[in-house]
Amino acid sequence: MTETPLKLYNSLSRSIETFEPIDPSDVRVYTCGPTVYNYQHIGNMRAFLFADTLGRVLRWKGYPTRHIINITDVGHLTSDADAGDDKMEKAAAAQSKSIWDIAAHYTEAFKADVTRLNITTVTEWTVATDHIPQMIDFAKAIEKDCYQIEGGLYFDTSKVPNYGALARATTEDGENRIDPVSGKRNAADFAIWRKSPPGEQRQMEWDSPWGKGAPGWHLECSVMSLAHLGHPFDIHTGGIDHREIHHPNEIAQNQAYCGCADTGARIWMHNNFLLDRSGKMSKSAGEFLRLQTLVDAGFHPLAYRLMCLQAHYRSELEFSWDNLVAANVRLKRLVMAVANLKIRDDGSMKGEATDYRKQLEDAVSDDLNTARALPALEEMLADKKLSPAVRLAGLVDFDGVLGLDLAAIDRTDLRVRPANATLSEAEIDAQLAARKEARSAKDFARSDAIRDALSAAGIEVMDGDPLGWDWRVEI
Ligand code: AMP
Ligand code: ZN
């Protein structure tokens, strides 16, 4: 166990708290996962990068950690305020596919992004539709706090004292609930079980004591966290939008289930939004940025990870291509520094990286301040008093927290070819060799012509680049 206590911001108390694990040998974290009706945008991925950083910090500080992310493949409606269609049903109808095909496709795409972003702390993925019997059992156990209307079984939020404490909003006016479900007792009441409308067959429906239907979205997370982690567990995470509706509803269910004031988790943590120029990045606008969009534009996925690490998870972060370019340059510098150390490494261990390690630990122990942790890595790599072997060992250690995969990636990995590239790497290298020849023969007209032809193909030749880059993709 390391020395600096871990401090985390708990949305429940709206304050920084010292993390006290329930069981230090088995720390348990639950992260609300994607609804797999579409691709995840890079804002969504910010939520999972934050959760991964949390998991990495916990492990790095010596706590064996179980980390679950769920896959929501049923129940999430087009409105968080519990009205509208099921997102999955809607996507399936729009694409004339089965819900199972839709779920499989977007789950796979999501997991591919998880891998590309080096999100490694997840020990288990749980799938909502694998838990229907447990959801029905849970619903039965809290039925005393529910009532039935035409739409199904609804939770009566007036039955739990302090409902919505997490959101700190009054239930009637704080959440813009314009809720057309008729028969509800309180505007904030939400579906536990959504009955299939008479005469209509949903693609996903199950028998239940309240009729054929499907579970409500909030029920899923209470049930999966209970089934896999037990209540109370240590930390529950999600995007800050979940602080307003989804998590207060999970808490209400958990309290009804245990008949006590426990919220289900000790600490509730929320990442702030990734913004674009029009505001919060979302899918409703139609077009949205995916990780693949960044790769197609010639960026390594880990440049996006670094961009997120440069901001505090509780701050809004504005996405811009300039920001991403800057993060990409910083990543390149790190990769070059590591490459140079590898060349010079003779195995001798001289000096100690302890002070930098302390700097890094203090930063991440201060509510996961990764922005302050990055300079600790950069300064350590640049410290000539430490032998290359010491610095490379420090790199592996520090990267356990940062997840930039710096020991493995090299400069060729960073030369991501944009989707519309016309030249292969081999062709670029051949052109550069021809240009070098032309230059040594003092045939500058030819060398310039080659450079211009490369530029026309989106490749910038980088003579005398301080990082030793021969070429880069023009942005
Ligand atoms: P969803 O698939 O809509 O349930 O979202 C998955 C995760 O992304 C949730 O934790 C959301 O709170 C989070 N999220 C959604 N939009 C953003 C955004 N623009 N920036 C950061 N996180 C977001
Ligand atoms: Zn959830």
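Colleague: Quick one on C258: buried, partly exposed or exposed?
Modeller: C258 is partly exposed, with a relative accessible area of 36%. Keep in mind that this is a predicted model.

Colleague: What do C258 and C260 form?
Modeller: A disulfide. The two sulfur atoms sit 2.1 Å apart, which is within the 2.5 Å cut-off.

Colleague: Which hand does the link of C258 and C260 have?
Modeller: Left-handed, with -100° about the S-S bond.

Colleague: How many disulfides turn up in the whole structure?
Modeller: One, from a search of the whole structure.

Colleague: What about C221, buried or exposed?
Modeller: C221 is buried, at 1% relative accessible area.

Colleague: Where is the nearest cysteine sulfur to C308?
Modeller: It belongs to C32 and is 19 Å away. C308 is in no disulfide.

Colleague: Is C308 buried or exposed?
Modeller: Buried, because its relative accessibility is 10% and the limit for buried is under 20%.

Colleague: Switching to the ligand. How many residues surround ligand 1?
Modeller: There are 20. The closest are G43, G239, D241, L274 and M281.

Colleague: Which atom of ligand 1 does D241 approach?
Modeller: An oxygen atom. A polar side-chain atom of D241 lies 2.4 Å from it.

Colleague: And G239, what is its distance to an oxygen atom of ligand 1?
Modeller: 2.9 Å, from a polar backbone atom of G239.

Colleague: Backbone or side chain for L274?
Modeller: Backbone. An N or O atom there lies 2.8 Å from a nitrogen atom of ligand 1.

Colleague: How much of ligand 1 does the protein bury?
Modeller: 96% of its area. Taken alone, ligand 1 exposes 500 Å².

Colleague: Which elements supply at least two residues each to the shell around ligand 1?
Modeller: α1 (42-60) and β12 (233-239).

Colleague: Which one gives the most?
Modeller: α1, with four residues of the shell around ligand 1.

Colleague: How do the shell residues divide into nonpolar, polar and charged?
Modeller: Six are nonpolar, twelve polar and two charged.

Colleague: Backbone check now. What joins H231 and P232?
Modeller: A cis peptide bond, with omega about -5°.

Colleague: Where does P232 lie?
Modeller: In the loop between α5 (217-229) and β12.

Colleague: What is phi for S96?
Modeller: Positive, about 50°, although S96 is not a glycine.

Colleague: Where is S96 found, and is it buried or exposed?
Modeller: S96 is in the loop between α2 (87-95) and α3 (99-116). S96 is exposed, with a relative accessible area of 68%.

Colleague: What about phi of D405?
Modeller: D405 has a positive value too, near 60°, and is a residue other than glycine.

Colleague: Which loop holds D405?
Modeller: The loop between α12 (388-402) and α13 (411-414).

Colleague: Is D405 buried, partly exposed or exposed?
Modeller: Partly exposed, because its relative accessible area is 29%, and that class runs between 20% and 50%.

Definitions and conventions. Residues numbered from 1 in each chain as written. Chains lettered and ligands numbered in written order. Predicted model: local features only at pLDDT ≥ 70, side-chain atom pairs only at ≥ 80, totals over all residues. Heavy atoms only, no water. Buried < 20%, exposed > 50% of the residue type's maximum accessible area, 1.4 Å probe, protein only. Near = heavy atom within 4 Å. Polar contact = N/O pair within 3.5 Å; in protein donor to acceptor, adjacent residues only side chain to side chain. Areas by Shrake-Rupley, 256 points an atom, 1.4 Å probe, with all protein chains shown as cover. Nonpolar A, V, L, I, M, F, W, Y, C, P; charged D, E, K, R; others polar.
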